[in-house]
Amino acid sequence: MSNQFSNEIVKMLKLLFYGMIVVVAILALMFLKNGVELYAKDLVPIFNNTATKDTLANKITKTETPEIEQDEQNKQLSKSETPLPQFDYDTSKWLDILDVIPDAIVDIRYATENNFVGKQMYECGRCFMRKEALYQLALVQDYLRGLGYGIKVFDCYRPRPIQQKLWDKVPNASYVTPPWKGSEHNKGLAVDLSIVDADNKELEMGSAYDYFGKEAHHDYYGHNDTILDNRTLLKTTMETYGFHPIRTEWWHYSYRGIKSEIFDWVWECPDQ
Ligand SMILES: [Zn+2]
């Protein structure tokens with residue numbers, strides 16, 4: 001019993017001894033830390049001295065800044081080496097189809113004599129739309145590409161002065177929207193288009209583009225199933241992405257996602 005008791009006492013004394021060593025060690029560390037801080041406090045006025053600061057700043061400028069500047073210059077150089085796309089139109093409003101859908105087939109008929117007035121109306125054929133509409137048309141193209149097809153556009157934004165010229169040639173509201181009323185084309189929201197296959201061959205749609213007769217109407221069902229299916233593919237795809245058809249022209253769709261005014265702007269023609 002007494003042996004056991006003295007063993008316990010020895011154990012406790014050992015614990016106490018080790019405990020004290022730990023406490024002394026902690027105190028020693030705290031003292032050292034305070035000492036360093038006190039020493040650092042004494043150094044602060046030296047660093048606050050303007051002359052010392054300036055010398056330091058000079059040193060930093062001389063050693064580190066040039067490297068940073070060099071880095072920036074390198075970045076600038078590599079940026080300027082990458083040619084930025086140049087736009088000759090107001091990209092806050094418009095987009096050229098080929099800047100967004102580079103694989104779209106563009107056959108602007110009013111830039112040729114192959115149209116219902118038989119006269120060239122545009123100086124050159126470019127397809128512009130309000131950018132909101134063109135982003136949606138890009139989704140149409142993505143979807144059709146997935147099926148092995150693509151879009152072919154015949155007319156997009158049509159400047160009001162051209163609408164006037166069309167009206168002067170054909171002053172008949174059944175064929176040409178009066179310029180004072182303004183067509184969706186004059187707002188940059190309408191597109192006339194068809195679908196092409198993987199070889200860029202137009203799918204059969206039952207009538208030529210700009211054919212004014214009942215065979216061009218959506219509610220004319222005298223066509224064969226292939227034609228009706230092709231039209232349905234165009235119509236359902238366009239409608240899915242926010243475009244609306246008109247009853248009498250299978251090729252005409254207008255985007256209703258935004259409102260737009262009528263524009264007079266005529267696009268630039270790149271030098272031939
Ligand atoms: Zn149209």
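Helices (H or I, at least four residues) and strands (E, at least two) are DSSP runs, numbered from the N terminus. On that count, the chain has seven helices and seven strands. Before going on, two notes on what you are looking at. This is a predicted model, in which local features need pLDDT of at least 70, side-chain atom pairs count only at pLDDT 80 or more, and totals for chains, interfaces and linings use all residues. Residues are numbered from 1 along each chain as its sequence is written.

In what order do the elements of the chain run from the N terminus on? They run α-α-α-β-α-β-β-α-β-α-β-α-β-β.

Now the sheet. Two strands pair if DSSP finds at least two bridges between them. Five strands form an open sheet with mixed pairing, in the order E2-E4-E5-E7-E6. Strand E2 (105-106) and strand E6 (243-246) are at the edges with a single partner strand each, so one side of each has no neighbour in the sheet.

E2 runs parallel to strand E4 (residues 150-155), and two bridges join them. There, Val106 stands opposite Val153 in E4.

Two helices pack on this sheet, and for them I need contacts and angles. Two residues are in contact if their C-beta atoms, placed from the backbone, lie within 7 Å. Axes are lines fitted to C-alpha atoms, for helices over the stretch in contact, and angles run from 0 to 180 degrees between N-to-C directions. Helix H5 (residues 131-146) touches E4, strand E5 (190-196), E6 and strand E7 (249-255), and its direction makes about 140° with that of E4. Helix H7 (residues 225-240) touches E5, E6 and E7, and its direction makes about 135° with that of E6.

Next, the neighbours of E7. E5 and E7 are antiparallel, paired over three bridges, and the bridge partner of Asp192 is His252 in E7. On its other pairing, E7 runs antiparallel to E6, with four bridges joining the two. Here Phe243 stands opposite Tyr255 in E7. A hairpin of two residues joins E6 to E7.

Is E7 mostly covered or mostly open? For that we need burial. A residue is buried if 20 or more other C-beta atoms lie within 10 Å of its own, exposed if 12 or fewer, and partly exposed in between, with C-beta atoms placed from the backbone. E7 is mostly covered, with five of its seven residues buried. Over the chain of 272 residues, 22% count as buried.

Back to H7. Its 16 residues reach 22 Å from the first C-alpha to the last, close to the 22 Å expected at 1.5 Å a residue. The expected span is 1.5 Å times one less than the number of residues. Which residues of H7 are buried? They are Asn230, Arg231, Leu234, Thr237 and Met238. Seen down the helix axis, these buried residues of H7 fall within an arc of 135°, so they line one face. The arc is that of the directions from the helix axis to the C-beta atoms. An α-helix has 3.6 residues a turn, so residues three or four places apart point the same way. The buried residues of H7 pack against H5, E5, E6 and E7. On the other side of H7, Asp225, Thr232, Thr236, Glu239 and Thr240 are exposed. Glu239 has 12 other C-beta atoms within 10 Å. Just after H7, Gly242 takes a positive phi of about 95°.

Asn200 is exposed, with 11 other C-beta atoms within 10 Å. Asp210 counts as partly exposed, with 19 C-beta neighbours inside 10 Å.

Last, the core. A nonpolar core is a set of buried Ala, Val, Leu, Ile, Met, Phe, Trp, Tyr and Cys residues joined through C-beta atoms within 7 Å. The largest one has 38 residues, and those with the most contacts inside it include Val153 and Cys156. At least two residues of this core come from each of strand E1 (94-96), strand E3 (128-130), H5, E4, E5, H7 and E7. Leaving aside neighbours within four places in sequence, Cys156 is in contact with Ile97, Cys127, Phe128, Met129 and Val191.
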